[in-house]
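Here is a short note to read alongside the structure. The points go from the overall fold to single residues.

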Amino acid sequence: MATISNSLLSCSRVAATAIPSSLSKTRFAGTTLAPSGLGVSAPSKFALYAEWMPGQPRPSYLDGSAPGDFGFDPLGLGEVPENLERFKESELIHCRWAMLAVPGILVPEALGLGNWVKAQEWAAIPGGQATYLGNPVPWGNLPTILAIEFLAIAFVEQQRNMEKDPQKRKYPGGAFDPLGYSKDPKKFEELKVKEIKNGRLALLAFVGFVVQQSAYPGTGPLENLATHLADPWHKNIGDVLIPTSLLP
């Protein structure tokens, strides 16, 4: 009897230590590992599911290691490793430009200094003078501004392309991290995810601004928002998608 009790006790200890570890889940949905020896046949390979679409297979080259990687690549653009790294860098740079552009569009309009569409009308006038927040810009004629922008961007891109480390090309640090956020590795990884998420939101916002301006020429996003809120049942996306001939 004592021998049977000791055997049962040993089996229970083995099960208690083996089952929790074998039932652990990976960071990907749908990848539960079935324990061996419990009458459950576990496959040798496990499907990795994308987090952006339930049930959608995750591409093998998107392993979740990059900030903001949710397995989204329905066109398979990142299958080539060199292209994938270039796309990551390009996305991040465009995100940063969009995060600068969106407040640059909203703030002047909110302050009553005009919208972003009318702000560039001076460039179409011969001898037009550029202004910023209502103030004339020194050397504010179009040829001079284009020359300054060309030289500035060319210098920055040349410096970036001299860097061969893919991580430093995206996160140079130094003067670009004056508050030292990258010193804490855990915090730095968290901030990378926040940056890419906010950047993608800014990209979508800018696309929305462009579409609204195309549908209602000469208007800014805040003006569009005010018009919609004043009459939400009639001033909405239906004005753009539904031909007026079909409306009662």
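1. Which pattern does the protein follow, read along the sequence? The pattern is α-α-β-β-α-α-α-α-α. In this predicted model, that amounts to seven helices and two strands.

2. Some totals for the whole chain come next. The protein has 248 residues, and 20% of them count as buried. Among contacts with a separation of 6 or more, 44% are between residues 24 or more positions apart.

3. Look next at the pair H2 and H5. Their axes come within 7 Å and cross at roughly 55°. An angle of 65 to 115 degrees would count as roughly perpendicular; H2 and H5 are therefore oblique to each other. The crossing of these two helices is left-handed.

4. Which residues of H2 and H5 meet? From H2 they are Glu91, Leu92, His94, Cys95, Arg96, Ala98, Met99, Val102, Ile105 and Leu106. Their partners in H5 are Glu195, Ile196, Asn198, Gly199, Arg200, Ala202, Leu203, Ala205, Phe206 and Phe209. Sorted by class, the contact of H2 with H5 has 13 nonpolar, three polar and four charged residues.

5. Leaving aside residues up to four places away in sequence, Phe209 touches Val102, Ile105, Leu106, Trp116 and Pro221.

6. How do H2 and H6 lie relative to each other? The axes of H2 (residues 81-110) and H6 (residues 221-230) come within 8 Å and cross at roughly 65°. The two helices are therefore roughly perpendicular to each other.

7. Turn now to the loops. Pro126 is found in the loop between H2 and strand S1 (131-132). Is Pro126 buried or exposed? Its relative accessible area is 77%, and over 50% counts as exposed, so Pro126 is exposed. The C-alpha atoms of Pro126 and Leu142 are separated by 9.1 Å, although these residues are 16 residues apart along the chain.

8. Trp139 deserves a check of its backbone. This residue is found in the loop between strand S2 (135-136) and helix H3 (142-162). Phi of Trp139 is near 50°, a positive value in a residue other than glycine. Most residues other than glycine have a negative phi. With a relative accessible area of 66%, Trp139 is exposed.

Methods. Residues numbered from 1 in each chain as written. Predicted model: local features only at pLDDT ≥ 70, side-chain atom pairs only at ≥ 80, totals over all residues. Heavy atoms only, no water. Axes fitted to C-alpha atoms, helices over the stretch in contact; angles between N-to-C directions. Helix = DSSP H or I, 4+ residues; strand = E, 2+ residues; numbered from the N terminus. Parallel < 35°, antiparallel > 145°, perpendicular 65-115°, else oblique. Contact = heavy atoms within 4.5 Å. Buried < 20%, exposed > 50% of the residue type's maximum accessible area, 1.4 Å probe, protein only. Left-handed = near helix turned anticlockwise from the far one by under 90°. Nonpolar A, V, L, I, M, F, W, Y, C, P; charged D, E, K, R; others polar.
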